[in-house]
Amino acid sequence: MTLTLSKDNSFLTEKQKAPAFSFFFRVHSGSEKQLHDAGHMRSKCHEVIKNASLQSSLTEDLIKKVDQEIEKLDLHSGAKSFGIFVSPEHATTTLYYTYLPERQYKGEYFSALESLYAEQQSKPYALFVFEPRAVQVFKGQGDHLEAMEASPELEQVCKVYKHKDSTHADKDGKSHKGEHDVKWTKELLDAISALCAKAKSPAVLVGNSLIAATEEDFKKSSLQCAAVVEEVVHASGGSFQTEYGAKIAELIQANNTKEWLSKCNEAASAHKLVTGNDEMIACVVEGRAAKLLLETPAWDSTGLLEFSALHEIAREMLAKHGSVEFVTKNTLEKWGGQAMLLRY
């Protein structure tokens with residue numbers, strides 16, 4: 001069984017038949033000596049469940065559920081962290097393409113805060129790397145890149161790019177400023193849009209100077225771009241997939257942060273922004289909360305933890321059809337590192 005990102009977060013908001021355990025593990029912690037393998041995960045989960053002082057039959061049932069979930073894990077999938085959620089009537093495992101600390105929670109709900117952060121950082125994208133003679137296409141999640149599998153849509157992108165109009169290009173394949181074949185650019189962006197629609201992912205374009213696509217071109221197309229890089233980068237090097245993915249992940253988050261910072265300032269001007277925990281909880285309960293913005297957490301606490309006020313607010317946001325967004329550190333400094341945008 002192949003584990004994928006959770007497409008339905010409802011289990012994070014539903015009250016579970018207690019106790020509900022949330023376990024978070026990182027696959028690699030930067031040192032081979034600290035590599036978290038399945039044996040370590042199993043041992044830690046067993047320890048936490050056994051220390052919960054439950055009836056022996058329930059303890060055995062929960063341990064069995066945990067073991068079944070861990071057996072599904074592929075530690076070589078490219079994922080960097082796993083979330084394992086187990087209660088007497090529920091068992092789910094999700095994989096994340098970002099690092100999380102090793103944490104455990106026990107309560108009536110599963111922990112949503114870490115899950116929301118990790119899933120946002122793991123959102124898939126389609127990376128198009130334009131080179132003078134060809135285009136390389138990758139599937140991306142976080143900083144993990146792998147070659148896009150063959151499909152008619154991918155073949156069309158490569159075909160259109162290969163037949164680009166070369167009359168306006170210099171010896172390096174770059175288009176002269178202000179000169180490009182509008183018809184060809186539209187055809188290429190349409191082909192990219194079709195592939196992204198199939199992959200259900202936004203696009204990241206690297207080497208945009210070779211196709212000379214403008215903001216106006218993007219607006220006219222149905223293409224959703226998470227990031228655009230003008231410089232030409234060659235993807236043929238052996239270290240490309242292990243090194244360049246991190247730059248893309250940072251660029252996507254930077255663009256996302258810029259957009260939400262602007263919305264925060266607009267909301268503050270319109271008196272539709274609150275920052276204190278008590279205010280935020282009240283607004284969530286009233287159904288006024290639309291978006292909770294938090295800075296990338298420091299994740300300085302590990303082990304068996306208690307739910308914080310932010311855990312409760314994040315879970316309530318989901319339950320009331322709001323959403324949570326994480327932005328880069330220090331972005332929300334003037335609001336104390338957190339801000340809630342209100343509907344009214």
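Biologist: How many salt bridges does the count come to?
Modeller: In this predicted model, the count comes to 15 salt bridges.

Biologist: Where do Lys80 and Asp143 lie?
Modeller: Lys80 is in the loop between α3 (56-71) and β2 (81-87). Asp143 is in the loop between β6 (135-141) and β7 (144-147). The pair therefore ties together parts that are 63 residues apart in sequence.

Biologist: Is Lys80 buried or exposed?
Modeller: Lys80 counts as buried, because its relative accessibility is 16% and the limit for a buried residue is under 20%. Asp143 has a relative accessible area of 23%, so Asp143 is partly exposed.

Biologist: Why would a lysine pair with an aspartate at all?
Modeller: Side chains of opposite charge can pair when their charged atoms come close.

Biologist: Let us turn to the helices. Which residue does Lys263 meet in a salt bridge?
Modeller: The partner of Lys263 is Glu259, with an N to O distance of 3.2 Å. Both residues belong to helix α8 (residues 240-269). They are four residues apart, which means that about one helical turn separates them.

Biologist: Why does a spacing of four matter in a helix?
Modeller: An α-helix has 3.6 residues a turn, so residues three or four places apart point the same way.

Biologist: What about the strands? Which residue pairs with Glu325?
Modeller: The side chain of Glu325 meets that of Lys291 in a salt bridge of 3.5 Å, taken from N to O. Glu325 lies in strand β13 (residues 323-327) and Lys291 in strand β11, so this pair ties together parts that are 34 residues apart in sequence. Both Glu325 and Lys291 are buried.

Biologist: Arg315 is in α10, I think. Which residues of α10 are buried?
Modeller: The buried residues of α10 are His311, Ile313, Ala314, Arg315, Met317 and Leu318.

Biologist: What happens just after α10?
Modeller: His321 follows there and takes a positive phi of about 65°.

Biologist: A change of topic: the second largest pocket. How much space lies in it?
Modeller: The second largest pocket holds about 270 Å³ of space. Its lining is made up of 14 residues. Those nearest the centre are Leu113, Pro297, Ala298, Trp299 and Leu310.

Biologist: Which elements each supply at least two residues of that lining?
Modeller: They are β11 (289-295) and α10 (309-319).

Biologist: What is the lining like by class?
Modeller: It has seven nonpolar, four polar and three charged residues.

Biologist: I also wondered about Gln338. Where is it found?
Modeller: Gln338 is in strand β14 (residues 338-342). Its relative accessibility is 13%, so Gln338 counts as buried.

Biologist: Which polar contacts does its side chain make?
Modeller: A polar atom of the Gln338 side chain lies 2.9 Å from the backbone oxygen of Thr275. The Gln338 side chain also makes a polar contact of 2.8 Å with the side chain of Asn277.

Biologist: What else is in contact with Gln338, leaving aside neighbours within four places in sequence?
Modeller: Its contacts include Gly276, Met280, Leu293 and Leu310. Leu310 was mentioned above among the residues nearest the centre of the second largest pocket. As for Gly276, its C-alpha atom is 8.2 Å from that of Gln338, although the two residues are 62 apart along the chain.

Biologist: One more glutamine, then. Where is Gln16?
Modeller: Gln16 is in the loop between α1 (10-13) and β1 (20-26). Gln16 is buried, with a relative accessible area of 10%. A polar contact of 3.2 Å joins its side chain to that of Ser87.

Biologist: Finally, the whole chain. How many helices and strands are there?
Modeller: The chain has 10 helices and 14 strands. Of its 344 residues, 49% are buried.

Technical notes
Residues numbered from 1 in each chain as written. Predicted model: local features only at pLDDT ≥ 70, side-chain atom pairs only at ≥ 80, totals over all residues. Heavy atoms only, no water. 1 Å grid on protein atoms, 1.4 Å probe; cavity = no way out; pocket = protein on both sides within 12 Å on 5 of 7 lines; lining within 4 Å. Points joined across faces, edges and corners; volume = space filled by probe spheres on them. Nonpolar A, V, L, I, M, F, W, Y, C, P; charged D, E, K, R; others polar. Buried < 20%, exposed > 50% of the residue type's maximum accessible area, 1.4 Å probe, protein only. Polar contact = N/O pair within 3.5 Å; in protein donor to acceptor, adjacent residues only side chain to side chain. Salt bridge = Lys/Arg side-chain N within 4 Å of Asp/Glu carboxyl O. Contact = heavy atoms within 4.5 Å.
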